[in-house]
Every structure is written in C-alpha cells, then in structure tokens.
Amino acid sequence: EEHAALSVMLRSLAALVERGPGEPQADYFTALRAIFFCIDEFYEAQHHPKESELLFPKIAAASQQGAAAVLRLDQDHATGAAAARELQHLLLAWEMVGSSRRATFEAACGAYIERLLEHIALEERLILPQSERCLSAADWQQLDRAFTHGGGARESNYLADPDYARLLAQILQAANKPPSA
C-alpha cells in the first residue's frame with residue numbers, strides 16, 4: 001500500500017511538472033511543496049527506516065542476491081532525504097528567482113522520480129518475493145505491527161490518518177486539475 005501511494009504521488013509530481021505552473025502560480029508551487037513534504041515526512045522519515053531496520057537485514061541474511069539488492073536500496077535510503085531536500089531547494093529557487101531556474105528543477109525532478117520508481121520496482125521485483133520465501137510468521141507479525149498499527153513515530157499508519165488522507169487528496173486534485181491560462 002505504501003509503495004502504491006508513493007507511486008501515485010510520484011506520478012502526480014511528474015504530471016504537475018510536465019503541465020507547468022499555469023495561473024495562479026502560487027497554487028502550483030504549493031502543490032509541489034506538499035508532495036515533497038509528504039515524501040520527506042512519510043517515506044524518508046517513516047517508510048524507509050522501517051524497511052532498512054526491520055525488513056532488509058532479514059533479506060540480506062537469507063540470500064546473496066537479496067544482500068546485493070539491500071546494499072543498493074540502503075544506499076538509496078541513505079541519500080533519499082538529502083535528494084528530496086535538494087529538490088525542495090531547487091523548487092524554491094525557481095519560485096523565488098524565476099524561470100531561469102525552472103529547467104534545473106525539472107531535470108533534477110525527472111531524475112529523482114525515475115530513481116524512486118526504479119527503487120520501488122527493485123523492492124517489488126526482488127525484495128518482496130524474497131520476503132515471502134524466507135520470513136517466519138514472527139517476522140511477518142513484527143513487520144505488520146510496524147507498517148500498519150499505531151505506536152511510536154515509526155509505527156504509525158499514516159495512510160489511514162485522516163489529515164494525511166486529506167493532504168493526499170489535495171495533491172491528487174492539483175495534479176489532475178487542468179492547466180489554466
């Protein structure tokens with residue numbers, strides 16, 4: 001579910017960037033900032049640490065192929081927050097300085113989206129099937145608790161939180177809104 005939500009968010013980001021700002025530009029920049037907020041708040045601060053701390057070590061221990069994939073995925077996790085914040089900076093530069101900064105943001109954003117979609121594909125193509133083969137019932141209970149039940153900051157189910165659901169709905173609405181003059 002979390003990968004599906006991130007994929008939707010990334011596709012919304014790509015659609016917004018492709019569409020361009022239109023008018024009023026403030027709405028466009030607000031929508032992009034909301035996407036980066038969600039990516040940073042949910043995926044970088046919650047989802048990725050849970051994978052790196054709870055799931056990946058079990059996969060790496062169970063399979064040499066899994067261990068190689070985990071190295072790459074953990075590297076992505078280690079650099080992901082900085083990459084998201086760099087995009088936020090590039091977006092702010094475009095908004096504050098003007099259109100001379102647009103192409104730099106768009107290029108970096110395209111590369112970022114591609115990298116994250118490849119990351120998700122690797123997890124779903126290799127890590128998740130490997131987890132089905134090698135995790136015990138106790139492992140699954142631990143992962144289910146971490147990814148679906150309330151508790152500490154890394155154990156919250158933000159996809160079920162009504163405040164975040166409202167924010168995600170606003171992002172989708174902005175991404176699907178036709179461009180205006």
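Buried means under 20% relative accessible area, exposed means over 50%, and partly exposed is in between (1.4 Å probe, protein chains only).

This is a predicted model, in which local features need pLDDT of at least 70, side-chain atom pairs count only at pLDDT 80 or more, and totals for chains, interfaces and linings use all residues. Residues are numbered from 1 along each chain as its sequence is written, and side-chain values use heavy atoms, with hydrogens and water left out.

**The chain as a whole**

The chain has 6 helices and 0 strands. From the N terminus on, its elements run α-α-α-α-α-α. Helices (H or I, at least four residues) and strands (E, at least two) are DSSP runs, numbered from the N terminus.

The C-alpha atoms fill a box of roughly 55 × 35 × 25 Å along the principal axes.

Of the 181 residues, 41% count as buried. The accessible surface comes to about 9,300 Å², and 55% of it belongs to carbon and sulfur atoms. Areas come from the Shrake-Rupley method with a 1.4 Å probe; for residues, only the protein chains shown count as cover.

Contact means heavy atoms within 4.5 Å. Among contacts between residues at least 6 apart in sequence, 75% join residues at least 24 apart.

**Helix α4**

α4 has 33 residues. From its first C-alpha to its last, α4 reaches 46 Å, close to the 48 Å expected at 1.5 Å a residue. The expected span is 1.5 Å times one less than the number of residues. α4 also has a kink of about 35°, centred on E124. The bend at a residue is the angle between axes fitted to the seven residues ending there and the seven starting there.

F105 touches V17, L32, F36, L87, L90, L91 and W94, with residues up to four places away in sequence not counted. S131 also lies in α4. S131 counts as buried because its relative accessibility is 2%. Leaving aside neighbours within four places in sequence, S131 is in contact with L55, I59 and W140.

L16 is found in α1. L16 is buried, with a relative accessible area of 0%. Not counting residues up to four places away in sequence, L16 touches Y28, A31, L32, I35, A174 and A175.

V8 also has its place in α1. With a relative accessible area of 40%, V8 is partly exposed.

F147 lies in α5 (residues 137-148). F147 is buried at a relative accessible area of 18%.

**Separations along the chain and in space**

The table pairs sequence separation with C-alpha distance.

| Pair | Apart in sequence | C-alpha separation |
|---|---|---|
| V8 and Y112 | 104 residues | 15 Å |
| F147 and A14 | 133 residues | 27 Å |
| L16 and F147 | 131 residues | 29 Å |
| S131 and I35 | 96 residues | 29 Å |
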